[in-house]
Each structure stands twice: as structure tokens, then as C-alpha cells.
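Here is a friendly note to read alongside the model. Keep the structure open as you go, and take the points one by one.

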Amino acid sequence: MPSNPNASAAPTATIAPTASLGDGVRVWDGSHVEAGAVIGAETLVGRGVTIGAGVVVGARCKIQNAALVYGPAVLGAGVFVGPGAVLTNDNVPRAVNPDGTKQDASDWQPTAVVVEDGASIGAGAICVAPVHVGRWAMVAAGAVVTHDVPDHALVAGVPARRIGWVGRTGARLVAAAGDALTCPATGDRFRLSAAGDQIEVSR
């Protein structure tokens with residue numbers, strides 16, 4: 001059970017004694033929050049989720065059923081992780097060493113997936129560490145992310161490639177005059193970089 005009386009966990013959830021849950025956190029049935037994990041206030045952890053050792057999750061995140069978030073992943077505030085999504089921590093996975101002996105924790109160095117504030121990882125998507133997903137970016141369902149994703153980028157496919165840009169609501173940005181882009185939902189304005197691979201807010 002969580003040590004914070006203002007957080008709640010289902011009876012079948014497993015919360016490590018050294019995990020830290022913020023006020024208003026809810027952890028549903030069958031989920032595991034491992035040693036040293038930190039989950040920010042008002043975050044919802046769905047059913048059958050694994051939050052690995054040392055993971056840091058920001059406030060007001062939503063981590064859907066059966067997602068696997070392996071340490072040392074870092075999620076900013078307001079991040080969405082869809083059902084069945086996987087954030088890995090080993091880009092050269094092996095069960096054994098070259099001599100056939102079983103690997104243990106001392107035989108490899110885990111690497112992080114970092115997801116910045118407001119970004120979304122779609123259902124069944126896989127982020128292969130080490131990658132960085134920028135602020136308010138959106139990873140489409142089923143995508144496999146093997147390279148960094150810029151702020152506000154919409155990426156899809158295997159491997160994931162940028163197919164557009166999105167605003168803070170998730171609405172696709174609309175091209176305006178020159179290098180300008182506009183969010184149809186909020187009216188926010190953006191400017192495309194000269195190389196066309198980044199955008200910045202110009203509102």
C-alpha cells in the first residue's frame with residue numbers, strides 16, 4: 001500500500017516500500033510500482049501497468065492499462081501513455097553474456113526514454129531507448145520510435161517518421177503564409193525552422 005495516505009492503490013496492486021506516490025495518485029488492479037519510482041500528484045496508473053525501478057512520472061499523467069514503463073524512464077507533467085505501450089531501457093538486449101553465463105544487473109547499463117510535458121504515446125507504441133520525445137509531441141498508435149521526436153511533432157509508422165505537427169490539444173497544425181503554422185483549436189501560432197525539422201511557438 002502507498003505510504004502517502006492521500007494516494008490510493010487497488011488491493012491487488014504492488015507498491016514497493018521505496019516508491020513515492022504524490023497526492024491524488026491512483027493505481028489500479030494488478031499494477032506494479034517498483035523500487036525508487038516516483039509518481040507525481042493526480043496521476044492515474046491503469047490496470048496491469050509496470051512502472052519500473054527508478055522511473056520518474058510527473059503530475060497529472062495518464063498511464064493506460066498494460067503499459068510497460070521501464071526505468072530509468074522520465075515522464076514530464078501531463079504525459080499520456082496509451083494501453084499496451086512500451087518504453088524500453090536496453091538497446092542491446094541479451095539474456096546471456098558471450099560465454100553463455102546469465103546476465104545480471106552488473107552486465108548492462110539501462111538507458112532512458114524521456115517524454116516531455118504534454119506529450120502522448122499512442123496505444124501499442126514502442127519507444128526504444130535511448131530516445132527523447134519532445135513537449136506536446138504525439139506518437140501514433142503502433143509506432144516504433146527509434147529516433148528523437150521534436151516538440152509538437154506527430155510521428156507514425158515503423159520506424160516512426162514525422163507526418164505532421166500538432167498543437168497542445170492534439171489538433172494538427174495548419175499551414176499559413178510562408179513558414180507559419182496555426183492551431184485550428186487554440187489559434188496558437190508557430191514558425192517552422194529553416195530546415196523544416198523543428199517548430200517554435202510564435203504566439
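1. Let us begin at a turn. Gly187 takes a positive phi near 80° in the hairpin of strand 24 and strand 25, where 6 residues lie between the strands. Strands here are DSSP runs of E with at least two residues, while helices are runs of H or I with at least four residues, and both are numbered from the N terminus. Two strands pair if DSSP finds at least two bridges between them.

2. A word on what you are looking at. This is a predicted model, in which local features need pLDDT of at least 70, side-chain atom pairs count only at pLDDT 80 or more, and totals for chains, interfaces and linings use all residues. Residues are numbered from 1 along each chain as its sequence is written, and side-chain values use heavy atoms, with hydrogens and water left out.

3. Strand 24 (residues 180-182) and strand 25 (residues 189-192) run antiparallel and are joined by 3 bridges. Ala180 stands opposite Arg191 of strand 25.

4. Strand 25 has another partner. It pairs in the antiparallel sense with strand 26 (residues 199-201), over 3 bridges. Which residue of strand 26 is the bridge partner of Arg191? It is Glu200. These two strands also form a hairpin with 6 residues between them, and Gly196 in the turn has a positive phi of about 75°.

5. Strand 21 (residues 153-156) pairs with strand 22 (residues 161-165) in the antiparallel sense over 4 bridges. Arg161 in strand 22 is the bridge partner of Ala156. The hairpin has 4 residues between its strands, and Gly157 takes a positive phi near 100° there.

6. Now for the parallel sheets. As background, strands of a sheet pair through backbone hydrogen bonds, either parallel or antiparallel. An open sheet of 7 strands has the order 2-5-8-11-14-17-20, and its pairing is parallel. Its edge strands, strand 2 (14-15) and strand 20 (144-145), each pair on one side only. Within this sheet, strand 14 (residues 86-87) and strand 17 (residues 126-127) pair in the parallel sense over 2 bridges, and Leu87 has Cys127 of strand 17 as its bridge partner.

7. There is also an open sheet of 6 strands, with parallel pairing in the order 3-6-9-12-15-18. Strand 3 (20-21) and strand 18 (131-133) are the edge strands, each pairing on one side only. Strand 15 (residues 113-115) pairs with strand 18 in the parallel sense over 3 bridges, and Val113 stands opposite Val131 of strand 18.

8. Step back to the whole chain. How many helices and strands does the protein chain have? It has 0 helices and 26 strands. The radius of gyration of the protein chain, taken over C-alpha atoms, is 18 Å, close to the 17 Å that the globule rule (2.2 Å times the number of residues to the power 0.38) gives for 203 residues, so the chain is as compact as a globular protein of that length. Along its principal axes, the C-alpha trace spans about 55 × 50 × 20 Å.

9. Of the 203 residues, 42% count as buried, meaning under 20% relative accessible area with a 1.4 Å probe, protein chains only. Among contacts (heavy atoms within 4.5 Å) with a separation of 6 or more, residues 24 or more positions apart account for 16%.

Definitions and conventions
Buried < 20%, exposed > 50% of the residue type's maximum accessible area, 1.4 Å probe, protein only.
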